[in-house]
Amino acid sequence: MPNRRDDLLDAAIDVIGGSGIRALTHRAVDAAAGLPAGSTSNLFRTREALINAVVERFAERERAVWEEIALVAVPTSPAGLADVMIRAAHAATGPHRRLTLCRYAILVESAIQPALREQLLATGARVNDWFRVWLRAAGSTDPDREGPLIANHWTGLVLHELAIPAPAFDPAPQIRAMVESVIRPGKEETS
């Protein structure tokens with residue numbers, strides 16, 4: 001159940017996802033949350049503290065979206081993993097568009113803020129851990145190699161759709177081809 005802190009962080013995600021990282025101010029978050037002036041600064045004294053909390057909140061929310069999708073499409077094969085990733089691409093570019101835009105805006109910001117980069121690496125490591133579980137369930141014999149290939153392709157596909165939306169966005173062919181060409185259950189890598 002959301003609380004005031006989560007409400008403020010969700011409002012901050014909407015501010016960033018709707019207007020970019022430069023629009024993020026305590027006052028803008030208060031207004032977006034429909035709360036009195038000073039509400040955000042009472043919990044997050046600095047903009048940096050607010051951004052750090054937003055990183056944790058968007059990681060939590062994105063994982064919840066992926067887990068909700070996995071309840072419907074269980075990734076126990078390469079095709080199953082592709083189905084989950086297709087659903088997630090539609091969610092990331094549709095109903096959760098602002099959440100995804102927020103993540104990308106903060107990723108770009110981390111290029112000039114090393115401390116933020118470190119935090120993103122830490123939250124990303126947690127995401128990678130649970131994604132490796134899905135990869136193994138789908139038949140991956142080398143999730144440390146295959147995970148980045150698949151995830152980076154998915155990330156680029158979603159980023160492109162957010163930046164230049166296609167009227168009939170259909171990530172299925174690309175995602176299926178990528179996942180099924182990378183994960184080949186039972187085929188051990190030979191050097």
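Mentor: A residue counts as buried under 20% relative accessible area, as exposed over 50%, and as partly exposed in between (1.4 Å probe, protein chains only). The model is predicted, so local features need pLDDT of at least 70 and side-chain atom pairs pLDDT 80 or more, while totals for chains, interfaces and linings use all residues. Residues are numbered from 1 along each chain, and side-chain values use heavy atoms, without hydrogens or water.

Start with Asp-10, which sits in helix α1 (helices are DSSP runs of H or I, at least four residues, and strands of E, at least two, numbered from the N terminus). With a relative accessible area of 17%, Asp-10 is buried. Setting aside residues up to four places away in sequence, Asp-10 touches Arg-57 and Arg-61 (contact means heavy atoms within 4.5 Å).

Leu-24 lies in the loop between α1 (4-19) and α2 (26-33). Leu-24 is also buried, at 1%. Beyond its neighbours within four places in sequence, Leu-24 is in contact with Ala-12, Val-15, Ile-16, Val-29, Arg-47, Leu-50 and Ile-51. Leu-24 and Ala-12 are 12 residues apart along the chain, and their C-alpha atoms are separated by 6.8 Å.

Now move to α8. Helix α7 (residues 114-137) packs against α8 at about 105 degrees, with the axes 10 Å apart (axes are lines fitted to C-alpha atoms, for helices over the stretch in contact, and angles run from 0 to 180 degrees between N-to-C directions). The two helices α7 and α8 are therefore roughly perpendicular (65 to 115 degrees; under 35 is roughly parallel, over 145 roughly antiparallel, the rest oblique). On the α7 side, Phe-131, Arg-132, Leu-135 and Arg-136 meet Pro-143, Asp-144, Gly-147, Ile-150 and Ala-151 of α8. This contact has 5 nonpolar, 1 polar and 3 charged residues (Ala, Val, Leu, Ile, Met, Phe, Trp, Tyr, Cys and Pro are nonpolar, Asp, Glu, Lys and Arg charged, the others, Gly among them, polar).

Helix α8 (residues 143-163) also packs with helix α9 (residues 172-182), at about 170 degrees and with axes 10 Å apart. Helices α8 and α9 are therefore roughly antiparallel. From α8 the contact takes Arg-145, Glu-146, Leu-149, Ile-150, His-153, Trp-154 and Leu-157, and from α9 Gln-174, Ile-175, Met-178, Val-179 and Val-182. The contact of α8 with α9 divides into 8 nonpolar, 2 polar and 2 charged residues.
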